Amino acid sequence: MTIMAAFNSSSFNTGPFILLGIPGLEQFHIWIGMPFFIIYLVALAGNSVLLYIIFMDRSLREPMFFFLSMLAATDLILSNTCVPKAFSIFWLGPQEITFPGCLSQMFFLHSSFAMDSAILLAMAFDRYVAICFPLRYTSILTYQIIMKIMMGIISRSFCIIFPCVFLLKRLPFCRTLIIPHTYCEHIGIARLACADISINIWYGLAVPVLTVTSDLILIGISYVLILRAVFNLPSQDARQKALGTCGCHVCVMLIFYTPAIFSVLAHRFGHNIPHSFHILFANLYVSIPPATNPIIYGVKTKQIQDKIKLLFFPKGKTRG
């Protein structure tokens, strides 16, 4: 039996899915794959170097660097969950993925996104405490508190995404199991089912909207309080240093949230947007932030910048 015949079978089917890539742009897949490959290498190298520097250098033990290491680790998971499979599709053609593999990819994709959002909120809280309560910074963000925040981030991400696995496993799949995308995501899989998927649609819309909206509101409140405190600082140098640190975080948040929110809204409501554009944009939001985050922090954070120079140019640093 051919693959297409198996997919068009009328019996319930949880056999392998076929990931097509970007429908309508098949002739450009090879060229599209090249920049994504470069971006992936940058993300892999940048986040690995960032993790190595933070874990090997004892001077980088502040809460900010702990949260930064969490962000780098999550970005590595996000990149490795989706981008390598996209390469194989762009360069080798449509690829099979098993139903358990598809569910695993979906889980790690969405949970990584939820963790990234929560980590950015934790970093905003860290900056709020550091700038608004500098004398109490170490007493507020103790090791125990940081561990509780970390466990809260992981637990929240697991609890809001794991139900998606059960919502998909309960569905019967009797249609063609072809996904016009480069990776598996919740609603994309659900739409292949031959049953009512209204629960999937509402849960898939409510969870990201509520979690991301609440994170953004709390981040916004944090930065309003931070800016108020910054402009009350007596020293011009202190104001510039505080604004520089906050500007670094704001750049990362804009790069992370803007394409993700656009992709979610376009997927739900953008019926006039070409499907190929939506898929291309969806690939950007899982590949660009992991690549740009270590660059932004490497350029904007002096401690990280100095350690990178010392790591790659030890002789030059010694002579200086």
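**Figure 1. Overview of the predicted chain.** The protein chain holds twelve helices and three strands, where helices (H or I, at least four residues) and strands (E, at least two) are DSSP runs numbered from the N terminus. The model is predicted, so local features need pLDDT of at least 70 and side-chain atom pairs count only at pLDDT 80 or more, while totals for chains, interfaces and linings use all residues. Residues are numbered from 1 along each chain as its sequence is written, and side-chain values use heavy atoms, with hydrogens and water left out. Of the 320 residues in the protein chain, 48% are buried; buried means under 20% relative accessible area, exposed means over 50%, and partly exposed lies in between (1.4 Å probe, protein chains only). Among contacts (heavy atoms within 4.5 Å) in the protein chain with a separation of 6 or more, 78% are between residues 24 or more positions apart.

Figure 2. Strands of a sheet pair through backbone hydrogen bonds, either parallel or antiparallel. In this chain, three strands form an open sheet in the order 2-1-3, with mixed pairing; two strands pair if DSSP finds at least two bridges between them. Strand 2 (95-97) and strand 3 (178-179) are the edge strands, each with a single partner strand, so one side of each has no neighbour in the sheet. Strand 1 (residues 17-19) and strand 3 run parallel and are joined by two bridges. I18 has I178 in strand 3 as its bridge partner. Helix 3 (residues 63-92) packs on the sheet and touches strand 1 and strand 2, and its direction makes about 145° with that of strand 2. Helix 4 (residues 99-132) also packs on the sheet, where it touches strand 1, strand 2 and strand 3; the direction of helix 4 makes about 85° with that of strand 2. Axes are lines fitted to C-alpha atoms, for helices over the stretch in contact, and angles run from 0 to 180 degrees between N-to-C directions.

**Figure 3. The contact of helix 6 with helix 8.** Two packed helices are described by the angle between their axes and the distance between the axes. The axes of helix 6 (residues 143-169) and helix 8 (residues 198-230) come within 10 Å and cross at roughly 170°. Helix 6 is therefore roughly antiparallel to helix 8; angles over 145 degrees count as roughly antiparallel, under 35 as roughly parallel, 65 to 115 as roughly perpendicular and the rest as oblique. From helix 6, R156, C159, I160, P163, C164, L167 and L168 meet I199, N200, Y203, V207, T211 and D215 of helix 8. By class, this contact has nine nonpolar, two polar and two charged residues. Ala, Val, Leu, Ile, Met, Phe, Trp, Tyr, Cys and Pro count as nonpolar, Asp, Glu, Lys and Arg as charged, and the others, Gly among them, as polar.

Figure 4. C132 lies in helix 4 and is partly exposed, at 23% relative accessibility. Leaving aside neighbours within four places in sequence, C132 is in contact with L225, I226 and A229. C132 and I226 are 94 residues apart in sequence, with their C-alpha atoms 6.5 Å apart in space. V230 is in helix 8 and counts as buried, at 0% relative accessibility. Between V230 and C132 the C-alpha to C-alpha distance is 8.1 Å, and the two are 98 residues apart in sequence.

**Figure 5. The surroundings of H181.** H181 is placed in the loop between strand 3 and helix 7 (186-190). With a relative accessible area of 6%, H181 is buried. Not counting residues up to four places away in sequence, H181 touches L19, L20, G21, I89, I279, A282 and N283.

Figure 6. F277 is found in helix 10 and is partly exposed, at 39% relative accessibility. F277 and I22 are 255 residues apart in sequence and 8.5 Å apart in space, C-alpha to C-alpha. I295 is also in helix 10 (residues 275-300), and its relative accessible area of 46% makes it partly exposed.
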